[in-house]
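Work through the following exercises with the sequence and the 3D structure at hand, and try each task before reading the solution that follows.

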Amino acid sequence: MGYGELNIRSYNPQKDRARVEDLERRCEVGPAERGFLFTDTLGDPICRIRNSPIYNMIVAELNNQLVGVIQGSIKLVTIHKPPKNLARVGYILGLRVAPLYRRRGIGSSLVVRLEEWFIASGVDYAYMATEKDNDASFKLFVEKLGYVKFRTPAILVNPVNCPMYRISSKYEFEKLKVEEAESLYRKFMSSMEFFPSDIGNILRNKLSLGTWVAYPRGESWGEILPSSWAMVSVWNSGEVFKLRLGNAPTSCLMYTKSSQLMGSLVPCFKWRGIPDFMHPFGFYFIYGVCREGPMSGKLVRTLCRLVHNMAAKCRDCKAVVTEVGGSDTLRRHIPHWRLLSCPEDLWCIKGLKNEERESFYELIKTPTTRTLFVDPREV
């Protein structure tokens, strides 16, 4: 490289914690036109992977300075490929390179080292997610490292604000026991792409606030399910890390200020404005959205409103977020603001085993209409 010897090694908490946190503060995430997101890991740099079954963080040093970091996790998921439907996948996240050290090959070196760890751990596929408009990430992973565009899910964001939603009396709600929720997920969602085999561990995690079902009033919940029903689970991401919006678009700033002003001047109109995202905030993540029956869309919408009202009681929670497949009709029923949402996130994937190359080509050719399970541990 001509800039000194690059040292890539495993993360050392005693030596690297403060330096990784400093790097996170200096690195923005997201396209400039929508504003940058800055991450506060609350003193735990590996907080985003700590709840995964297997995880690793790798750092890069140059001239005794920490200049880059990357994280990865491994799990067993459903992937529809012959001759089997399960695969060991490695998720790549948290790639950061200090602004003054970019375009020197540090990012690609970190990814390659993480892939080596994946291969040594028996991983079939590596995958990552990025914004569709992130040209630097696309060029690195797709054009340079051989990743292939796989899915384009939508990230839907609903701001948490007052007043709370009015919940219809036409529906009944129940919070399920973990065992019942796990049984239902395995029955109705285990064939979904990227459904995690350890769904029980996710549901039992302290960050998972619970699983709720909704169904028409007058019917009952039991061994025979109602004519229409919907189910969602909720993950408290705000207990793991906080976000802060920087370089917000002028339109967002003007709307935030004007909506706050309108809310204070005419509270009787119950004006819904955008919360203050310029200061650190947390969010609830809705995962495992499942539904059956002709009224299920309305039931999903009602459950999302119920989660919004839960979030409104949490001091630092400023948004409710969920992620659904790009062509999934479910998005029509999930309350969200287009100004804050991302209609096309980009998932890219790469096969790591030469002997399964044919299966990999079959995998990437599968229709994008399949429903996608988004693991809350990887948000």
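This is a predicted model: local features need pLDDT of at least 70, side-chain atom pairs count only at pLDDT 80 or more; totals for chains, interfaces and linings use all residues.

**Exercise 1.** Find which residues N56 is in contact with, leaving aside its neighbours within four places in sequence, and then describe how strand β1 is joined to β3.

*Solution.* Once those neighbours are set aside, the contacts of N56 are S10, I49, I70, Q71, G72 and W117. Next, consider a distance: Y11 is 45 residues from N56 in sequence, while their C-alpha atoms are 7.9 Å apart in space. Finally, turn to the pairing of the strands, where β1 (residues 6-10) and β3 run antiparallel and are joined by 5 bridges, with I8 standing opposite A60 in β3.

**Exercise 2.** State how the axes of helices α2 and α3 cross, and name the residues that meet there.

*Solution.* Begin with the two axes, which belong to α2 (residues 106-120) and α3 (residues 135-144), come within 11 Å of each other and cross at roughly 50°. An angle from 65 to 115 degrees would count as roughly perpendicular and one under 35 as roughly parallel, so the two helices are described as oblique to each other. The crossing of α2 and α3 is right-handed. At the contact, G107, S108 and V111 of α2 meet L140, F141 and K144 of α3, and by class this gives 3 nonpolar, 2 polar and 1 charged residues.

**Exercise 3.** Work out the order of the strands in the open sheet of 6 strands, and say which helix packs on it.

*Solution.* Reading across the sheet, the order is β8-β14-β13-β11-β10-β9, and the pairing is mixed. The edges are formed by β8 (154-159) and β9 (171-176), each of which has a single partner strand, so that one side of each is left without a neighbour in the sheet. On average, and with direction ignored, neighbouring strands are turned by 25° against each other. For a pair inside this order, take β10 (residues 208-216) and β11 (residues 229-236), which run antiparallel and are joined by 6 bridges; V213 has M231 in β11 as its bridge partner. The helix that packs on the sheet is α4 (residues 178-188), which touches β9, β10, β11 and β13 (282-292), and whose direction makes about 115° with that of β11.

**Exercise 4.** Locate V160, and find how far apart the C-alpha atoms of V160 and A319 are.

*Solution.* V160 is in the loop between β8 and β9, and its relative accessibility of 8% means that V160 counts as buried. Although V160 and A319 are 159 residues apart along the chain, their C-alpha atoms are separated by 4.8 Å. Not counting residues up to four places away in sequence, V160 touches several residues, among them P275, H308, C317 and A319.

How values were computed
Residues are numbered from 1 along each chain as its sequence is written. Side-chain values use heavy atoms; hydrogens and water are left out. Axes are lines fitted to C-alpha atoms, for helices over the stretch in contact, and angles run from 0 to 180 degrees between N-to-C directions. Helices (H or I, at least four residues) and strands (E, at least two) are DSSP runs, numbered from the N terminus. Angles under 35 degrees count as roughly parallel, over 145 as roughly antiparallel, 65 to 115 as roughly perpendicular and the rest as oblique. A crossing is left-handed if the near helix is turned anticlockwise from the far one by less than a right angle, and right-handed if clockwise. Contact means heavy atoms within 4.5 Å. Ala, Val, Leu, Ile, Met, Phe, Trp, Tyr, Cys and Pro count as nonpolar, Asp, Glu, Lys and Arg as charged, and the others, Gly among them, as polar. Two strands pair if DSSP finds at least two bridges between them. Buried means under 20% relative accessible area, exposed over 50%, partly exposed in between (1.4 Å probe, protein chains only).
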